[in-house]
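This report is meant for a reader who is meeting the structure for the first time. It takes up one local feature and then moves on to the strands, the cores and the pocket.

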Amino acid sequence: MPPMRRPPLALGLACLCLLAAGSLLVAGCGGGDSTSARINPDAESGKSRPAPPKSAFPSPNGQTLRQLITQAGTHPAEVKIDVEAQAFYPGTNRYPFTIAEKLGSTGKTGAEVPDAEAAIYFAKVPRVRRGARSKSGNKGTVPNAQKQVLDQPAIGPFPAAIESLATEPPFQSRTTTEDPDVASVVYSTRLHLGEGEYRPAILVKEKDGVGAKLLPSIKVGEYAKIPRPGDKAPLIETPTAKSVGGDLAKLTTRIPPDSQNKVNYAEVLGKEPILLLFATPKFCQSRVCGPVVDVAQQAQHEFEGKANFIHMEIYNENDPSQGVRPQVRRFHLPSEPWLFAINREGVVSATIEGAFGTKLMDKTVEKVVGE
């Protein structure tokens with residue numbers, strides 16, 4: 001199995017973690033600087049807010065994706081967009097992303113932009129006919145199709161809501177309290193997709209106009225082996241505090257966080273509700289891993305006794321050089337973080353790829369506990 005990509009998982013795979021009952025020992029991730037995005041006067045840093053109305057963004061009105069992102073008043077986005085998901089299926093899909101300042105021409109990520117107004121648009125990539133040849137000057141049928149998609153009708157807008165990643169003080173790890181570059185919010189919208197491939201673009205309101213940027217292609221159904229709602233959950237073993245002879249009061253950073261779990265996933269699968277979190281605060285490839293673990297830990301406290309929260313690290317021996325753990329392979333995960341809600345029958349009730357806040361977390365727990 002190749003190294004995980006960060007939504008798409010990057011070469012330094014992130015660790016999958018299932019929530020533990022004890023305090024999680026995590027490290028941080030991120031970068032920082034000032035922002036050029038327009039601040040919404042009604043929003044506060046790190047606060048949730050609903051999506052702006054569609055009327056706040058231009059209607060395609062028959063324009064192609066190329067025309068939409070190059071229309072008058074639009075310029076190349078001055079911010080960096082990181083899409084937090086890459087597994088999509090026919091139907092309605094959650095599309096999460098983060099926005100941050102782009103540090104000049106370096107391409108590096110700067111300070112988080114926690115209160116921008118943004119919307120997603122997309123166009124469908126033309127289907128490549130089997131045996132079709134490229135025109136002179138093109139390297140292949142796939143690159144040709146990627147060029148042609150810019151001249152396909154744009155669909156949208158799909159304004160993004162802002163989900164706060166904040167938790168109550170008792171559940172805030174050192175990752176989120178001491179690292180100024182950790183994300184405080186995640187943006188998300190819903191995209192209804194059919195079979196095939198799509199090219200999304202984003203429009204972001206900035207202080208000097210509207211910034212536009214093409215985003216990585218969406219290949220619907222590309223990761224068909226990842227367990228989905230309605231599927232039987234894979235059987236895996238997960239470390240527990242007992243299995244390493246650990247006393248929760250004495251655990252140190254030398255013991256992986258997943259060794260602090262109260263129960264082994266295999267012992268409760270098909271008997272009790274499970275919230276299985278794959279995330280990697282220590283080897284994070286994004287800014288959201290630490291906050292997501294905090295969110296899950298708070299939910300564990302709120303729903304104590306109603307479900308099992310399990311934290312599973314991604315790398316063997318907690319060392320990226322030793323490759324991903326078999327549990328990660330069993331779930332066929334290409335990205336992180338991932339949350340799987342599994343009901344008493346051992347059936348997947350819900351899945352979330354990418355960052356999520358307490359509201360979505362609580363909704364997911366309530367759903368699986370009620371089944």
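## Two cis peptide bonds

Proline 337 is found in the loop between α6 (326-330) and β14 (338-342), where helices (H or I, at least four residues) and strands (E, at least two) are DSSP runs numbered from the N terminus. A cis peptide bond joins this proline to glutamate 336, with omega about 0 degrees. Another cis peptide bond, again with omega about 0 degrees, joins glycine 156 and proline 157, and proline 157 has its place in strand β6 (residues 155-159).

## Basis of the description

The model is predicted, and for that reason local features need pLDDT of at least 70 and side-chain atom pairs count only at pLDDT 80 or more, while totals for chains, interfaces and linings use all residues. Residues are numbered from 1 along each chain as its sequence is written, and side-chain values use heavy atoms, with hydrogens and water left out.

## The chain as a whole

The protein chain holds 7 helices and 15 strands. Of its 371 residues, 55% are buried, where buried means under 20% relative accessible area, exposed over 50% and partly exposed in between, with a 1.4 Å probe and protein chains only. Among contacts (heavy atoms within 4.5 Å) between residues at least 6 apart in sequence, 78% join residues at least 24 apart.

## Residues with positive phi

Histidine 332 lies in the loop between α6 and β14, and it has a positive phi of about 55 degrees although it is not a glycine. With 35% relative accessibility, histidine 332 counts as partly exposed. Asparagine 61, found in the segment before α1 (65-70), also has a positive phi in a residue other than glycine, near 45 degrees. Asparagine 61 is exposed, with a relative accessible area of 69%.

## Strands and their partners

Strand β8 (185-193) is mostly covered, with 7 of its 9 residues buried. It pairs with β3 in the antiparallel sense over 7 bridges, two strands being counted as paired if DSSP finds at least two bridges between them.

Strand β5 is largely enclosed by the rest of the structure, because 6 of its 7 residues are buried. The antiparallel strands β5 and β9 are joined by 7 bridges, and in β9 the bridge partner of alanine 123 is arginine 199. Strand β5 is also joined to β6, again antiparallel, by 3 bridges, with alanine 119 opposite proline 159 in β6.

## Nonpolar cores

In soluble globular proteins, nonpolar side chains tend to be buried together. A nonpolar core is here a set of buried Ala, Val, Leu, Ile, Met, Phe, Trp, Tyr and Cys residues joined through side-chain atoms within 4.5 Å. The largest one has 27 residues, and those with the most contacts inside it are Tyr95, Phe97, Ile99 and Tyr187. Two or more residues of this core come from each of β2 (79-83), β3 (91-103), β5 (118-124), β8 (185-193) and β9 (197-206), and β8 gives the most, with 4 residues.

Which residues does isoleucine 99 touch, not counting those up to four places away in sequence? They are Val79, Lys80, Ile81, Glu112, Val113, Ala116, Ala118 and Tyr187.

## The largest pocket

On a 1 Å grid over the protein atoms alone, a pocket is an open set of points where a 1.4 Å probe fits, with protein on both sides within 12 Å along at least five of seven lines, and lining residues have an atom within 4 Å of a point. The largest pocket holds about 960 Å³ of space, a volume being the space filled by probe spheres set on the points, which are joined across faces, edges and corners.

Of the 33 residues that line this pocket, the closest to its centre are Arg94, Arg190, Thr351, Ile352 and Leu360. At least two lining residues are supplied by each of β3, β7 (161-164), β8, β15 (348-353) and α7 (358-370), and the largest share, 6 residues, comes from α7. By class, the lining has 14 nonpolar, 11 polar and 8 charged residues, where Ala, Val, Leu, Ile, Met, Phe, Trp, Tyr, Cys and Pro count as nonpolar, Asp, Glu, Lys and Arg as charged, and the others, Gly among them, as polar.
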